[in-house]
Amino acid sequence: MSRSATAPVPRSIRPGAIIAWTCLFVGGVIMITPLLFMFSTSLKSAGEVFDLRLVPANPTLQNYVRVLSDGRFLGWFLNSTLIAVITTVSCLFFDSLVAYTLAKFRFPGRKLVFLAILSTLMIPTEMLVIPWYLMSSSLGWTDTYWGIMFPGLMTAFGVFLMRQFFETVPDDFLEAARIDGLNEFTIWWRIAMPLVTPALSALAIFTFLGNWTAFFWPLIVTTDRDLYTLPVGLSSFAVEQSIQWEMIMTGAALSTIPTLLIFLFFQRYIVRGVMLAGVKG
Amino acid sequence: MASITLDKIVKTYGASTAVHGIDLQIADGEFVVLVGPSGCGKSTTLRMIAGLESISGGTLKIGARVVNQMEPKQRNIAMVFQNYAIYPHMTVHQNIGFGLYTSKLSRAEKDARVQEVGRILGLSHLLERRPAALSGGQRQRVAIGRAMVRDPQAFLFDEPLSNLDAQLRGQMRLEIKQLHQRLGSTIVFVTHDQVEAMSMADRIVVMREGRILQVGAPMELYNRPADMFTARFIGSPEMNMLDAELSGDGLGFGANAGRVALVPDALPPGLRQASSPRVAVGIRPQDLAPLNAGTTGAALVLHGTVRVAEPHGSETFVHLDLPSGSVIARAPAAASYRPGDAASFKADRDSIRYFDRETEKLVA
């Protein structure tokens, strides 16, 4: 007997599911509305900005032409890219190196070191900015790329995240490599790191986004407009000649492109179970 | 290839001692199996040989070299792990070739070695696959291949078959044994499975609580276990143990101590010199045969009630309740036993082992 012979029975939907979907839908709308308005405003002319219709009456790409032909924007874009890329690479390397050591080596004070690193997570950036600034100015780091980057080159969060993942790497892998004659650094680099690519991808996304959107510290440590990062630069549109919302929104829309690319590139590595294939148990 | 010598090897973790000064000589080309229940120190011993655990005391030699302070790589040994430990992000070829990572061979020579090992292990058609696309047995072969490719002085196996299903385990057992016959390499193999130990080893080392109880060829351990633990551990089903007491009249069992089951003449001479009158009588199920009418000359006859009969196809194991305990006995497959039936089994004088109840050592 074929299934089509029977009358289709409507699938029963649990009331809980309806509530959950409604909440998710409302949440989704709330999340996406500002983005939609950003794109919408970037396509409006200056006079139309306060017309809150989502679809612009006279859509124009003029704002994009203006922003992109403005040399400063490209400079800020490159500054942000450079800083976000370097800090991300640095975090991936150093955070996971520290994390691996804490996860896989037994040495006195290991837990204490880990706790000390974790405890720095409890301190808000706002509290750290003043010491950072004093340090930067006494060392001549203000208005330099290094000055903008140095607080983010290693993060306690990254160490914490990576340590949790390295803990799940079976010791057998590392011991097998040790017997095969690899040194500890090579074991980390050739064996342990490939096994935690999902975590590395997640950390890469977090770090890149964090540095790409960083505003407070770059604002404080730079006075040279050529060294501004994109968020700092965009905000300067707001202060100098009245607020040019359409320009800010266009710059912001453009600034989402690298974050989208980063996410699309790394998300395919966030696949659990890569590690399960080589070990049974 | 090389011999391995353990001289009073000790392993301590803080205040607790995992291995209590064991001595063991493993000859060049010998297949030695360390067997014992979990926590007996067998894996720790293997890991000390590998160099993955530091040695707290004693001397370890591989060949003529003392290797106590050497890094694993300097010892030139290879190890196969329980969880295979083949790298999921590399192909079979890369995994096997990884054993040659530090070797100074040319790329072509390395490739030739990998191909050769792949051929020996029947992995040639799988060399470009990743571990995720392999079966459990194939993965274990890759792990063995990575060990083989380096041509090490000795192979160490740490319970390599315990993750495989029963059928595959039997097949891999055979393959490893054949590989040993072919390569003639020194192998130290750790397992908790006495079947693996019996079927593969040249010599078995029985360990318990960080000490070696007995070392010997499989049949030696089976026929003359040095103590009650080894007697029970080796052989399946395990050896029957019945409490008994010695008196001037002979040997009597448990509650029936007064009733003599074996007269002095039937007892081995060594037993009469036993220090304690309390002995355990050990009889393998395979040595208990049904008592047919007209049988004579049996040294010991056990009368009991059938509790369960387990047909195994080729034979049937009968669980028998006796007044003084219970035993398992082997009966021919054709025999039919129903629960509650009365049954009698006999054992020959030569097949009975006597152990001291106090020291648990073999008396006769």
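Modeller: Buried area is the accessible area, taken with a 1.4 Å probe, that two parts lose on being put together, summed over both. With that in hand, one may turn to the model, which is predicted.

Chain A is divided into domain 1, residues 12–60, and domain 2, residues 62–277. Between the C-alpha centres of domain 1 of chain A and domain 2 of chain A the distance is 30 Å. Where these domains meet, 10 residues of domain 1 of chain A are in contact with 10 residues of domain 2 of chain A. About 830 Å² is buried between domain 1 of chain A and domain 2 of chain A, and carbon and sulfur atoms give 68% of that area. On the side of domain 1 of chain A, the residues that lose the most area to domain 2 of chain A are A:Met38, A:Ser42 and A:Thr60, which together make up 52% of what that side buries. The count of salt bridges between domain 1 of chain A and domain 2 of chain A is 0.

Helix α2 (residues 62–69) of chain A packs against helix α13 (residues 245–267) of chain A at an angle of about 75 degrees, and their axes are 9 Å apart. Angles of 65 to 115 degrees count as roughly perpendicular, and α2(A) and α13(A) are therefore roughly perpendicular to each other. From α2(A) the contact draws on A:Asn63, A:Tyr64, A:Arg66, A:Val67 and A:Leu68, while α13(A) contributes A:Glu246, A:Met247, A:Thr250, A:Ala253 and A:Leu254. Sorted by class, the contact of α2(A) with α13(A) comprises 6 nonpolar, 2 polar and 2 charged residues.

A salt bridge elsewhere in chain A pairs A:Asp171 with A:Lys104, the closest N and O atoms being 2.8 Å apart. This pair links distant parts of the chain, 67 residues apart, with A:Asp171 in helix α8 (residues 171–179) of chain A and A:Lys104 in helix α3 (residues 71–104) of chain A.

The area buried between chain B and chain A is about 2300 Å², with 61% given by carbon and sulfur atoms. Across the interface of chain B and chain A there are 3 salt bridges. B:Arg150 forms a salt bridge with A:Asp180, their closest N and O atoms lying 3.6 Å apart. Over all chains, the structure holds 20 salt bridges.

Terms used
Residues are numbered from 1 along each chain as its sequence is written. Chains are lettered from A and ligands numbered from 1 in the order in which they are written. This is a predicted model: local features need pLDDT of at least 70, side-chain atom pairs count only at pLDDT 80 or more; totals for chains, interfaces and linings use all residues. Side-chain values use heavy atoms; hydrogens and water are left out. Axes are lines fitted to C-alpha atoms, for helices over the stretch in contact, and angles run from 0 to 180 degrees between N-to-C directions. Helices (H or I, at least four residues) and strands (E, at least two) are DSSP runs, numbered from the N terminus. Angles under 35 degrees count as roughly parallel, over 145 as roughly antiparallel, 65 to 115 as roughly perpendicular and the rest as oblique. Contact means heavy atoms within 4.5 Å. Ala, Val, Leu, Ile, Met, Phe, Trp, Tyr, Cys and Pro count as nonpolar, Asp, Glu, Lys and Arg as charged, and the others, Gly among them, as polar. Domain bounds come from an automatic or database domain assignment. A salt bridge is a side-chain nitrogen of Lys or Arg within 4 Å of a carboxyl oxygen of Asp or Glu.
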